[in-house]
Amino acid sequence: MCSWFKSRDEIDLTIPCLPEDYKEWKKKPKICPHLLTCITPQILILQGGGKIPWEDKEDEATVMCPDPKNTVTLVIKRIKK
């Protein structure tokens, strides 16, 4: 069992651009550093407007936790504004 996440947790990975937004951002749940290392390439691809070739949905990527004892699966979604 993962000590960072519960089933159906949602995490906003948006990083604030303005100093006044940083205070609220610090209160949001954070992501495990090991999982963050694994999802960084997919985040960069989606943020840059790209598509991950093996994914069925253009705006999503699925990533597994690198810890074999924790069966955490993360779905990263690009939200277009």
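Of the 81 residues of the protein, 25% count as buried, and the model described here is a predicted one. The protein has 2 helices and 2 strands, which follow the pattern α-α-β-β when read along the sequence.

**Overall dimensions and surface**
- Taken along the principal axes, the C-alpha atoms of the protein fill a box of roughly 40 × 30 × 20 Å.
- The protein exposes about 6,800 Å², and carbon and sulfur atoms supply 58% of that area.
- Among contacts between residues at least 6 apart in sequence, 43% join residues at least 24 apart.

**Nonpolar core**
- The largest nonpolar core has 15 residues, and those with the most contacts inside it are Phe5, Ile31, Leu35, Ile39, Val72, Leu74 and Ile76.
- Two or more residues of this core come from each of α2 (33-47), β1 (60-64) and β2 (73-77), and α2 gives the most, with 4 residues.
- Val72, leaving aside its neighbours within four places in sequence, is in contact with Cys2, Phe5, Leu35, Val63, Met64 and Cys65.

**Largest pocket**
- The largest pocket has a volume of about 1,200 Å³, and of the 28 residues that line it, the closest to its centre are Ile11, Leu74, Val75, Ile76 and Lys77.
- Both α2 and β2 supply at least two residues each to the lining of the largest pocket, with β2 giving the most, at 5 residues.
- The residues of this lining divide into 13 nonpolar, 6 polar and 9 charged.

Conventions. Residues numbered from 1 in each chain as written. Predicted model: local features only at pLDDT ≥ 70, side-chain atom pairs only at ≥ 80, totals over all residues. Heavy atoms only, no water. Core = buried A, V, L, I, M, F, W, Y, C linked by side-chain atoms within 4.5 Å. Buried < 20%, exposed > 50% of the residue type's maximum accessible area, 1.4 Å probe, protein only. Contact = heavy atoms within 4.5 Å. 1 Å grid on protein atoms, 1.4 Å probe; cavity = no way out; pocket = protein on both sides within 12 Å on 5 of 7 lines; lining within 4 Å. Points joined across faces, edges and corners; volume = space filled by probe spheres on them. Nonpolar A, V, L, I, M, F, W, Y, C, P; charged D, E, K, R; others polar. Areas by Shrake-Rupley, 256 points an atom, 1.4 Å probe, with all protein chains shown as cover.
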